[in-house]
Amino acid sequence: MGKQLQDLQDGIYLVKDGQMKKVQAPTTGFGKTIISWESNKPTRAVHECSEKL
């Protein structure tokens, strides 16, 4: 892997076909991300943002 684990920022990372990609945090700071899988590989990410009242 090109990056050392110590150099990474806090967050969620996906590795697919040897490539690492950071999953973006919700823009409001609150929300969730749902990852869909197909044939044992991540295929889609659905992001839902919410607003704290």
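Visitor: Among contacts in the chain between residues at least 6 apart in sequence, what share joins residues at least 24 apart?

Guide: A contact means heavy atoms within 4.5 Å. In this chain, 9% of the contacts between residues at least 6 apart in sequence join residues at least 24 apart. This is a predicted model, where local features need pLDDT of at least 70, side-chain atom pairs count only at pLDDT 80 or more, and totals for chains, interfaces and linings use all residues. Residues are numbered from 1 along each chain as its sequence is written, and side-chain values use heavy atoms, leaving out hydrogens and water.

Visitor: How many helices and strands are in the chain?

Guide: Both are DSSP runs numbered from the N terminus: helices are H or I with at least four residues, strands E with at least two. The chain has zero helices and four strands.

Visitor: Why does glutamate 51 count as exposed?

Guide: Buried means under 20% relative accessible area, exposed over 50%, and partly exposed in between (1.4 Å probe, protein chains only). Glutamate 51 counts as exposed because its relative accessibility is 64%. Glutamate 51 lies in the segment after strand 4 (41–49). Of the 53 residues of the chain, 6% count as buried.
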